[in-house]
Amino acid sequence: MNQTNRVLIVVTNGKQLDGGPLAGVWWSEVAEPIEEFAARGYEVTIASPKGGEALVDPASMKDAGDKAEHSYKKWLSDTMPLRKAKTQDYEAIFLAGGHGAMFDFPHDVHLQNLLTDFVTAGKPIGAVCHGVAGLVGAKLDTSNPLVENKRLTGFTNSEEEKTPLQSKLPFLLETKLKALEAKFVAGPDNAEHIEIDGGLVTGQNPASSRAAAKAVADLIVAEKPLEHRQGRVPGGVAR
């Protein structure tokens with residue numbers, strides 16, 4: 001019997017900051033993972049803390065083109081609320097970034113519970129750029145921070161210094177992860193860089209989105225029994 005394999009991508013709902021700027025989803029950090037998972041035959045479900053519309057950072061849509069605009073509206077206009085996500089329905093979870101994730105990911109109880117369950121179930125967890133902020137509030141069954149002693153990366157302090165939103169953020173991601181005793185590894189600014197520690201895959205910045213998704217997909221295949229790798233259906237996005 002054929003089995004449709006599914007991946008849960010989590011995005012921020014976005015936040016309008018004082019002074020006008022929008023902290024939202026960074027488009028490529030959703031689009032490239034969807035493309036990578038679909039190419040492997042995985043069906044993608046997109047969820048957000050509140051559900052409904054996920055706001056996209058306008059800067060991430062520059063030069064994206066009409067096709068990207070259409071996809072963005074289709075994929076992010078009506079996301080599933082995280083409270084409806086169940087670990088057993090997915091082979092992996094992937095946290096997309098954008099500055100908005102710094103505001104609604106860290107304290108979302110549903111996301112924290114999902115991440116604990118994914119670790120317990122031995123299923124891969126991926127995160128890229130500011131999406132790594134979703135890991136800071138998550139704990140293991142032992143109540144230890146999920147990131148403690150984990151080799152990982154995320155948007156660095158050096159990269160954040162070059163953005164217009166640094167002063168408006170609740171914390172600096174690199175600083176926070178180090179305070180939680182994560183083994184933070186910083187690559188060159190704006191260059192592709194991922195870290196893999198067991199079932200945890202993290203990417204440093206938007207340039208790392210596709211590589212991080214590919215690494216998560218590789219972990220799924222490595223851990224699935226042979227009979228579950230056969231007969232995959234073409235990938236797509238579930239609504």
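Modeller: Just after helix 1, Gly41 takes a positive phi of about 90°. This is a predicted model, in which local features need pLDDT of at least 70 and side-chain atom pairs count only at pLDDT 80 or more, while totals for chains, interfaces and linings use all residues. Residues are numbered from 1 along each chain as its sequence is written, and side-chain values use heavy atoms, with hydrogens and water left out.

Biologist: What makes a stretch of this chain a helix or a strand?

Modeller: Both are DSSP runs numbered from the N terminus, a helix (H or I) having at least four residues and a strand (E) at least two. The chain has seven helices and 12 strands. Helix 1, which covers residues 28-39, has 12 residues, and it therefore passes the limit of at least four.

Biologist: What span does helix 1 reach, and what span is expected?

Modeller: From its first C-alpha to its last, helix 1 reaches 16 Å, which is close to the 16 Å expected at 1.5 Å a residue; the expected span is 1.5 Å times one less than the number of residues.

Biologist: Why is Thr156 called buried?

Modeller: A residue is buried under 20% relative accessible area, exposed over 50% and partly exposed in between, with a 1.4 Å probe and protein chains only. Thr156 has 2% relative accessibility, so it counts as buried. Thr156 lies in the loop between strand 8 (151-152) and helix 5 (157-160), and, leaving out residues up to four places away in sequence, it touches Glu174, Phe184, Ala186, Asp189 and Gln204, where contact means heavy atoms within 4.5 Å.

Biologist: Which residues of helix 1 fall in the buried class?

Modeller: They are Ser28, Glu29, Val30, Ala31, Pro33, Ile34, Glu36 and Phe37. For the chain of 239 residues, buried residues make up 54%.

Biologist: What makes a group of residues a nonpolar core?

Modeller: The residues must be buried Ala, Val, Leu, Ile, Met, Phe, Trp, Tyr or Cys, joined through side-chain atoms within 4.5 Å. The largest such core has 67 residues, and those with the most contacts inside it are Phe37, Leu76 and Ile93. Its largest share, seven residues, comes from helix 7 (residues 209-223). Apart from neighbours within four places in sequence, Ile93 is in contact with Leu8, Val10, Leu111, Leu114, Leu115, Phe118, Pro124, Ile125 and Gly126.

Biologist: How do you know that strand 7 pairs with strand 11?

Modeller: Two strands pair if DSSP finds at least two bridges between them. Strand 7 and strand 11 (residues 200-203) have four bridges, in the parallel sense, and therefore meet that limit; Ala127 stands opposite Thr202 in strand 11. Strand 6 (residues 92-95) also runs parallel to strand 7 and is joined to it by three bridges, with Phe94 opposite Gly126.

Biologist: Are the faces of strand 7 covered or open?

Modeller: Both faces of strand 7 (residues 125-128) are covered, since Ile125 and Ala127 on one side and Gly126 and Val128 on the other are all buried.

Biologist: Why is the contact between Arg151 and Glu195 called a salt bridge?

Modeller: A salt bridge needs a side-chain nitrogen of Lys or Arg within 4 Å of a carboxyl oxygen of Asp or Glu. The distance from N to O between Arg151 and Glu195 is 2.7 Å, so the pair qualifies. Arg151 lies in strand 8 and Glu195 in strand 10 (residues 194-197), so the pair ties together parts that are 44 residues apart in sequence. Arg151 has 42% relative accessibility and is therefore partly exposed, whereas Glu195, at 8%, is buried.

Biologist: How many salt bridges does this rule give, and which others can be named?

Modeller: The count comes to nine. One of them joins Lys162 to Asp189, with the closest N and O atoms 2.7 Å apart. Lys162 lies in the loop between helix 5 and helix 6 (173-179) and Asp189 in the loop between strand 9 (183-184) and strand 10, so this pair ties together parts that are 27 residues apart in sequence. At 57% Lys162 counts as exposed, while Asp189, at 28%, is partly exposed. Lys214 and Asp218 also form a salt bridge, at 3.3 Å from N to O, and both lie in helix 7, four residues apart, about one turn of the helix. Salt bridges that share partners join Glu36, Arg40, Lys214 and Asp218 into one network.
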